[in-house]
Amino acid sequence: MSRAPTSVAACAILLIASACASTAPVSDIQPGQRPALESDEAGFWMAFEEFEDDLRASSLVVRDPALNRYVTGVVCNLAAAYCQDIRVYLIRHPAFNASMGPNGTMQVFTGLMLRAENEAQLAYVLGHEMGHYIRRHTLTRMRDVRNKTDAASVFGLAGAMVGVPMSGAISSGIAYASISAFGRDQEREADAIGFQMFRKAGYDPTQAARIWELLTAEAEAGDWPSPPPLFASHPPTLERRETLAGLAEEASDAPSSAYEERYQNTILQFRFDWLREDLRTRNFSGSEHLYDRLVEAGHGRGETLFFKGEIYRLRDDEGDDEKAVEAYTLAIAERDAPPEVFRSLAFVEWSRGRRAEARQAFERYLEFAPSADDRLMIEFHIEELS
Amino acid sequence: MVQSWRRLLAVLLVVALAGCVAGGYTLVEPGRTQIDEEFSISSNMAWSQRAFGERHVWTINGAGLEAIWFYAGIEDGDALIAQIDEDEDVPRFDADMRPNEVMELVVDSIGLIGAVNVEGTGLRPAEFGSVKGYRFELTLQTKEGLIKRGLAVGTIQEDRLQLIVYLAADLHYYDKYVDEVERIFASVEMI
């Protein structure tokens, strides 16, 4: 509750600032530049700085130093001059999303990192977000909203900016991202700037179009009618893919790399948690599509196949038991299957009436995880099945 | 109507995790209290109570600090939380659920209303009143960073879920009331 007075103050400043804001085109922000204190832009920054204070303390932020260093390193590799101006926050959230505040607050959702196949795909998205920052799109967007709507709307936007909880939203990051709904022309600009930085840094130019192909396919396969947040105001996907593919063709002569191994090795230890968070969204068809793709790519096959089995165990539609057993069996054949695969297999076998197989799977679970915290429950089940 | 009280419950849960709960509470005196027509429990302390259909929350200092959630007679297909976003499904109780799936139901439901790093651990057999049940521990963080701990006991009888969940701030409040919560768990009598 202590946030309320400062948030209100920020909103008031924003409203006052909005009364004297200009609609003139804005120039690119320069490295190290901060807005003049009396400007409307300073008001926007102030509101975002309050949001950033909350974000800094939030348990949604992934604190792992190595992972943070890695993602910040990608940002600095893309634009060394702006390296000191951008602060990366890794947000523990299963959506494919990234966003950029006007003051250099960059949010990168773990759902994006789970889906990217390589560093180049991550770098392309980060470059795109930096394009918004360099072109000062949030300032333009806020001025545009102010000029088109009444003060109450601007106040509402400011509230969203500083992280006022929205009902049903999993994180304040969603609220924050929702006001960053840039116009299509701004997205095209950010694409162009992002691609330029991405290319200059030596990334494989074909990966920019590739990440959009992957997302389109997953969105089409998913259960939910709404597009992923990053799609919301973006140019039509086909247009974007064609534009990026054209740019890639023009840039195809220079040496480049996607850095797939480096990327996959970096995220390896986090994949299990990220997959579990994705599964909790209960977008089963979308997850099924994603996990199939990850299995095909060959990274962490055992754990991904385990989670594919979990989709069917949780969904429990006609024929899902058989699909779950198939996925678990494939997972067990891999070296990196988690012990939990045997426990899940046991429950599915039990529900199919295969008590001996269920008991055997429970025993194997305890064999692989002798210190399991649910050991007493599993022993109880083994007794029930005897 | 069903939708509206579910929405209210979800809002309360979100607010409770955030740290403050609005009015509408009534006093529960020490002694035995009946939770709907499902079970009764006994407490040595006075609690503030609020009911939402088959869900009841008891607290002393505010549900954001410590709360006992009673889920009495949850039926097949019901959720523990409301579905606010029509694009997002919520976990639902299935009468065929095994104990691990009930724990997943609780963990996933809490995760969907704003808590992060939610973990259910230590699942083991336990009595729920005079019938066989199970219990487990919970840990989570609010998105503002407050660490919470919890305990849950439950059972499925005649296809209905009976569940009691205690959640409290790890700092000070969990330990302050955990003994009383254990007494409440041990006092369950099925109706």
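Me: What percentage of the residues of chain B count as buried, and what makes a residue buried?
Reply: Of the 191 residues of chain B, 54% count as buried. A residue is called buried when its relative accessible area is under 20%, exposed when it is over 50%, and partly exposed in between, with a 1.4 Å probe and protein chains only. The model is predicted, so local features need pLDDT of at least 70 and side-chain atom pairs count only at pLDDT 80 or more, while totals for chains, interfaces and linings use all residues. Residues are numbered from 1 along each chain as its sequence is written, chains are lettered from A and ligands numbered from 1 in the order in which they are written, and side-chain values use heavy atoms, with hydrogens and water left out.

Me: How many helices and strands does chain B have, and what makes a run count as either?
Reply: Chain B holds three helices and 11 strands, in the sequence pattern α-β-β-β-β-β-β-α-β-β-β-β-α-β. Both are DSSP runs numbered from the N terminus: a helix is H or I over at least four residues, and a strand is E over at least two. Among contacts (heavy atoms within 4.5 Å) in chain B between residues at least 6 apart in sequence, 51% join residues at least 24 apart.

Me: Why do β2 and β11 of chain B count as edges of their sheet?
Reply: The open sheet has three strands in the order β2-β3-β11 (chain B), with antiparallel pairing. β2 (31-35) and β11 (189-190) each have a single partner strand, so one side of each is left without a neighbour in the sheet.

Me: What makes β2(B) and β3 of chain B a pair?
Reply: Two strands pair if DSSP finds at least two bridges between them.

Me: How many bridges join β7 to β8 of chain B?
Reply: Nine bridges join β7 (residues 116-128) to β8 (residues 131-141), again in antiparallel fashion. Pro125(B) has Tyr134(B) in β8(B) as its bridge partner. The hairpin has two residues between the strands, and Gly129(B) takes a positive phi near 65° there.

Me: How do you know that Cys76(A) and Cys83(A) form a disulfide?
Reply: A disulfide is a pair of cysteine sulfur atoms within 2.5 Å. The structure holds one disulfide over all chains.

Me: Why is the disulfide of Cys76(A) and Cys83(A) called right-handed?
Reply: The torsion about its S-S bond is about 65°, so the disulfide is right-handed. Both partners are buried, Cys76(A) at 18% relative accessibility and Cys83(A) at 17%.

Me: Why is α14(A) described as largely enclosed?
Reply: Of its 14 residues, 10 are buried, so α14(A) is largely enclosed by the rest of the structure. Among those buried are Phe284(A), Leu290(A), Tyr291(A) and Val295(A). The cover over the buried residues includes α4 (110-115), α10 (206-221), α13 (271-280) and α15 (301-315) of chain A.

Me: How do you know that the length of helix α14 of chain A agrees with what it should span?
Reply: The expected span is 1.5 Å times one less than the number of residues. For the 14 residues of α14 (residues 284-297) this comes to 20 Å, and the end C-alpha atoms are 20 Å apart, which agrees. Just after α14(A), Gly298(A) takes a positive phi of about 90°.

Me: What makes Trp350(A) and Phe362(A) an edge-to-face pair?
Reply: Rings of Phe, Tyr and Trp (its six-membered ring) pair if their centres lie within 6.5 Å; planes under 30 degrees apart are stacked, over 60 edge-to-face, and the rest tilted. A search of the whole structure finds 20 aromatic pairs over all chains. In this one the centres are 6.1 Å apart with 90° between the planes, hence edge-to-face. The pair links α17 (residues 340-351) and α18 (residues 355-368) of chain A, its members being 12 residues apart. Trp350(A) is buried at 9%, and Phe362(A) is buried at 0%.

Me: How do you know that Arg98(B) lies over the face of Trp350(A)?
Reply: A charge sits over a ring if NZ of Lys or CZ of Arg is within 6 Å of the ring centre and within 35 degrees of the ring normal. Arg98(B) is 3.6 Å from the ring centre of Trp350(A). Likewise, the charged end of Arg262(A) sits over the ring of Tyr259(A), 4.0 Å from its centre.
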